[in-house]
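Try each task before you read its solution.

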Amino acid sequence: MKKITRFFWFCSGAHQETLKKYPIEHNKYVGIGATIFFTALFASLSGGYAMYFVFSGSDFAVAFAILFGMIWGLAIFNMDRYIVGSINKKGTTNQQLLQASPRILLAIMIGVVISRPLELKIFDKEIRQKLKTSYLNGQRSKVDTLQKAYNEKYSQELNKNSEMKKERDSLTKDINRSRYQLNQEVFGDKSNQTSGLKGYGTYAKQKEGVLQEKQDRLKIVQGNLDKMDGYLNQRKEFDGLNNVKLFSEHQLDSLANVAGFADRNWALGQLMFRDNGTKDIDTYLAQSFIAYLFILFECLPVLVKLMSPKGSYDVALSRIEEADVHFADKDKDKSVAVTDSVFDHDVTTEVDKRKKVITWQAGKDLEGMG
């Protein structure tokens, strides 16, 4: 139990030797340290999950995810530990808030960053469906674009092909009608188009000739139509229109499985909007709640430190800091005094040396004059 307590003290950034002297403060810093630890743990899971999708499909995806998750978690842990450990209880509440404001903004940014990958996992099913819809719509748009370009490029051929089809359909109807009238004429059925004389007479031969002409024309039209269809199919193949097909359900599932982090992040943002462009309040509130929860979780150590009253540990730590500052000042004074003393000694020594040189030189000059 003591090891766990000291571990959480370490996580809180507290000075353990000082904190040991004040038992009433122990639980507070255990709570702060535990919050920092679990925030880093969630950050590690979040960062590892995000990196897994970055390297999705690679043989080393899991290894990269674990490595990056550990690095990211340690970075967040170190940052949170510094943020909380650097807040002191000196000054008024407003001064403390001002001191902590940059750290709170940084905590908010960290909360947003670590919450996003976890949101991707929570809404994984909805994201997959949104991606499949997006991919299918994109493929439809591609097919429509190719079809439009094809129609514009071969508009004359398509119009001619359409006219030949109309003529073929019209000839087919006329042939059926003429064949029926020929049968009426042969069997002697009286109508406004037949003579009513039974047998293969003059009128029957005339109707048979008309029928034959229409059938011959139909063969010509059908032959031209087959040639045109073959040409247009070749053009479709050449322009790639025949190779572009809508994705099957299996293909859409495969594409959603290998989607990258950017695509999934885009899909998560699109979940907040319905197909008609209006905002989906339920999904928006769910995503916002998750983000706000992690932001609050990230800010919690700072807020706990700010909300907690000034305790005996804070007073003792403040005095230790003052003592350290006083010791640093005195140490500086000692260094200055030693430097001054050494400098003065060096100056005195140098003056004595120069005096001896001058005296010796003066003696030499007097001997030369004598």
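**Exercise 1. Find the residues through which α6 and α10 meet, then describe how the two helices cross.**

Solution. Start with the contact list in this predicted model: from α6 come D124, I127, K130, L131, S134 and Y135, and they meet D263, R264, W266, A267, L268 and Q270 of α10. Next, sort these contact residues by type: six are nonpolar, two polar and four charged. Then turn to the geometry. The axes of α6 (residues 124-153) and α10 (residues 261-270) come within 9 Å and cross at roughly 100 degrees. Angles of 65 to 115 degrees count as roughly perpendicular, so α6 is roughly perpendicular to α10.

**Exercise 2. Decide whether R264 is buried or exposed, and find its contacts.**

Solution. First, locate R264 in helix α10. Its relative accessibility is 0%, and buried means under 20%, so R264 counts as buried. Now look at its side chain, which makes a polar contact of 2.4 Å with the side chain of D124. Finally, leave aside neighbours within four places in sequence: R264 is then in contact with Y49, F53, L120, D124, I127, L131, A256 and A259.

**Exercise 3. Work out how the buried residues of α1 are arranged around its axis.**

Solution. List the buried residues of α1 (residues 2-12): T5, F8, W9, C11 and S12. Viewed down the helix axis, they fall within an arc of 160 degrees, so they line one face of α1. Check what they pack against: α2, α3 and α4. Then turn to the face pointing away, where K2 and K3 are exposed. Just after α1, you will find G13 with a positive phi of about 80 degrees.

How values were computed: Residues are numbered from 1 along each chain as its sequence is written. This is a predicted model: local features need pLDDT of at least 70, side-chain atom pairs count only at pLDDT 80 or more; totals for chains, interfaces and linings use all residues. Side-chain values use heavy atoms; hydrogens and water are left out. Axes are lines fitted to C-alpha atoms, for helices over the stretch in contact, and angles run from 0 to 180 degrees between N-to-C directions. Helices (H or I, at least four residues) and strands (E, at least two) are DSSP runs, numbered from the N terminus. Angles under 35 degrees count as roughly parallel, over 145 as roughly antiparallel, 65 to 115 as roughly perpendicular and the rest as oblique. Contact means heavy atoms within 4.5 Å. Ala, Val, Leu, Ile, Met, Phe, Trp, Tyr, Cys and Pro count as nonpolar, Asp, Glu, Lys and Arg as charged, and the others, Gly among them, as polar. Buried means under 20% relative accessible area, exposed over 50%, partly exposed in between (1.4 Å probe, protein chains only). The arc is that of the directions from the helix axis to the C-beta atoms. A polar contact is a pair of N or O atoms within 3.5 Å; within protein, one must be able to donate a hydrogen and the other to accept it, and residues adjacent in sequence count only if both atoms are side-chain atoms.
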